[in-house]
Amino acid sequence: MPESTAAPVASAPGPVTAPGPAAASPPTHRVVQAIELLSRHSGDRLSLARIVRATGMSRATAHAVLTQLCADGWTLRDAEGNYSLGLGLLAVARRADTAFPVRTLALDAMRSLAHDQAVPVFLAEREFQGGMRPGRPGNNAAAADTGLDAIVITEVLGTPSAPWIRPARRMPFAPPVCREFVAWAPESERAAWLAAADPGHRTRLAAVLDAIAARGYSVERLADDSAPMLEALGALRNSPVTDPLRHRLSAMIADLITIDYLPDELGDTNAVVSLAAPIFSPDGPVIASIVACPDANLSAAGLRDLAAATIAAADTVATALRS
């Protein structure tokens, strides 16, 4: 399900948001910026200067925003003037968990998968247009306008190599990503999703969706002849370099990703960035996926084992949702 660079969506792994109306409240957006920044550095205490640099807010605006957040208990300010998340925000997050049960139900299965397979793992959930979610009274998933849907990363375990994989990251529900969400969808939804793809990719994407439905998982892959370059770029990325250069190297690595594997393309060795298995709602639609991120060359047996383990984790969550 992760971003693929076979289409414009994935060529720049910077922030991506779901389609929708332009922000109507810049002051509210600044509050969100501050909270998101602190959440991405939850183990650190950030200075006001660092927050100003990262968000682009003026010093006066950032100070005003953080002062109010501290007053409400959503952030804390220490004796040195550095900021971190506050317990008030944790209380809100815990109450929100009851509205979004998939993450809570998935955590144990994700931890087991990450431990047993020794790979980072993340959870991606589909955000239905208008907040509609299958399995809720009065919700009709079929009525959702999928063009306004989004995919949101709601949990990350470990440290995936791609910097865009982080909690609260949003991606549009659009080709070529989200394939494991579409492979089992009704034909009308599949057709609408394919119609939004680059015309040159539609034939392959249609075949890929059939392959995913048959085997039970999607794969983010690397072109076979790109593996040596990937190894060289990966070595550079993991060496002592500046953050901007590391992000640039990660973007170059992302540019090597192609759209999934078809059955006759799987071989003795397969370059796998990530592998995603769907979580089905009690009503049938795929509402989330568990994604394992080996970012490595896997043998055919290794790929089968990782796929089986990831599918089992996703099935465990789906069973819990039905109970």
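A residue is called buried here if its relative accessible area is under 20%, exposed if over 50%, and partly exposed in between, using a 1.4 Å probe and protein chains only. On that scale, buried residues make up 45% of the chain's 323 residues.

Some ground rules before going on. This is a predicted model, in which local features need pLDDT of at least 70 and side-chain atom pairs count only at pLDDT 80 or more, while totals for chains, interfaces and linings use all residues. Residues are numbered from 1 along each chain as its sequence is written, and side-chain values use heavy atoms, with hydrogens and water left out.

**The chain as a whole**

Helices (H or I, at least four residues) and strands (E, at least two) are DSSP runs numbered from the N terminus; the chain has twelve helices and ten strands. A contact means heavy atoms within 4.5 Å. Take the contacts with a separation of 6 or more, and 65% of them join residues 24 or more positions apart.

**A helix pair**

Helix α8 (residues 187-195) packs with helix α9 (residues 202-215) at an angle of about 145°, and their axes are 10 Å apart. Axes here are lines fitted to C-alpha atoms, for helices over the stretch in contact, and angles run from 0 to 180 degrees between N-to-C directions. On the α8 side, the contact is made by R190, W193, L194 and A195, and α9 brings R202, L205, A206, L209 and D210. Sorted by class, that makes six nonpolar, no polar and three charged residues. Nonpolar covers Ala, Val, Leu, Ile, Met, Phe, Trp, Tyr, Cys and Pro; charged covers Asp, Glu, Lys and Arg; the others, Gly among them, are polar.

**A few single residues**

Count a disulfide as a pair of cysteine sulfur atoms within 2.5 Å, and the tally is zero.

| Residue | Relative accessible area | Class |
|---|---|---|
| C178 | 0% | buried |
| C293 | 6% | buried |
| S39 | 38% | partly exposed |
| A301 | 37% | partly exposed |

S39 sits in helix α2 (residues 26-40). Its C-alpha atom is 8.3 Å from that of S84, 45 residues apart along the chain. A301 belongs to helix α12 (residues 300-322). Between A301 and T269, 32 residues apart in sequence, the C-alpha to C-alpha distance is 9.2 Å.
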